[in-house]
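Q: Please take a close look at one part of this model: the place where the two chains meet. Walk me through the contact, and then through the spaces and charged pairs in the structure.

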There are 2 protein chains.
Amino acid sequence: MGITKTQIFTEQQNDLAQFFKVLGHPARVAILQYISNQNTCICNDLVEEIGLAQATISQHLKELKSIGLLKGEVEGKSMCYCINVERWTTIQNQLNVFFNTTKSNCC
Amino acid sequence: MGITKTQIFTEQQNDLAQFFKVLGHPARVAILQYISNQNTCICNDLVEEIGLAQATISQHLKELKSIGLLKGEVEGKSMCYCINVERWTTIQNQLNVFFNTTKSNCC
DNA sequence: AATTAACATCGTAATATTGCAATATATAAT
DNA sequence: ATTATATATTGCAATATTACGATGTTAATT
């Protein structure tokens, strides 16, 4: 097969895994860090900064947008991609709830 | 292609992405939650509880072990898989540092 | 209106992941 | 010693992901 059996898990488990999965690529970690360090955030900078082709960066940005972590606004002929701080904080909280409620142990 | 260009990222970025990636599958989230809720944690229970084949569960356990999140001890003819609380806390802290240092914004 | 610049999307090749049956291994029970 | 039980490993098929060139699209510039 090769297809994840989403149906056998809870919505919470699938959502959590989805967040983790999107963050689970170094290019996407790097993109978030770079955007966070800039005051202007334009996609073309990312291509030079990260060192992947423009099409590839665009694809990674799309995935970060898919879970609401980034929002992009058209700014002339460029794009201004920003971190959605509200969403960012919400996800951080959800991950912390997961970590805090899942660390008990038997041995 | 199809191969992640690990060399162009920092070790920190690759490590972070690796943690996220391992947690980025609902079966692995479910396994961690189940183990955390049990006092005894035996692999065979997991097969029935999660609903994936024994070989598949074994594979997921291996990945969780690969980043040190689980430790397994032989207990008779069963295995006792436990969460490595120390490692768990370390990773949680690293993720929080990432979240806290990466949420500034421009718009 | 043609051109340029900045992305986005499509198509595709290479590689990775998911899942399982079959098989191997290791221990407990008989 | 043989058998049963629990888990790991191997091999493989199906699907997903990564990456990029080529091509669309949109908006500013000329």
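A: The area buried between chain A and chain B is about 4,300 Å². Carbon and sulfur atoms give 64% of that area. Keep in mind that this is a predicted model.

Now count the contacts. How many salt bridges cross the interface of chain A and chain B? The rule finds zero.

A search of the whole structure finds one cavity of 30 Å³ or more. The volume of the largest cavity is about 50 Å³. Which residues line the largest cavity? Chain A gives Gln92(A), Leu95(A), Asn96(A) and Phe99(A). Chain B gives Gln92(B), Leu95(B), Asn96(B) and Phe99(B). Helix α5 of chain A and helix α5 (85-101) of chain B each supply at least two residues of this lining. By class, the lining of the largest cavity has four nonpolar, four polar and no charged residues.

Then there is open space. The largest pocket holds about 430 Å³. It is lined by 21 residues, and the closest to its centre are Thr4(A), Ala17(A), Lys21(A), Gly24(B) and His25(B). Several helices supply at least two lining residues each. From chain A these are α1 and α4 (54-66). From chain B they are α1 (11-23), α2 (26-37) and α4 (54-66). Helix α1(A) gives the most to the pocket lining, with five residues. The pocket lining divides into four nonpolar, 10 polar and seven charged residues.

Finally, turn to charged pairs. Side chains of opposite charge can pair when their charged atoms come close. Over all chains, the search finds two salt bridges. One of them joins Glu63(A) and Arg28(A), with the closest N and O atoms 3.2 Å apart. What does this pair tie together? Glu63(A) lies in helix α4 of chain A and Arg28(A) in helix α2 of chain A, so the pair links parts that are 35 residues apart in sequence.

Notes:
Residues numbered from 1 in each chain as written. Chains lettered and ligands numbered in written order. Predicted model: local features only at pLDDT ≥ 70, side-chain atom pairs only at ≥ 80, totals over all residues. Heavy atoms only, no water. Buried area = accessible area lost by both parts, 1.4 Å probe. Salt bridge = Lys/Arg side-chain N within 4 Å of Asp/Glu carboxyl O. 1 Å grid on protein atoms, 1.4 Å probe; cavity = no way out; pocket = protein on both sides within 12 Å on 5 of 7 lines; lining within 4 Å. Points joined across faces, edges and corners; volume = space filled by probe spheres on them. Helix = DSSP H or I, 4+ residues; strand = E, 2+ residues; numbered from the N terminus. Nonpolar A, V, L, I, M, F, W, Y, C, P; charged D, E, K, R; others polar.
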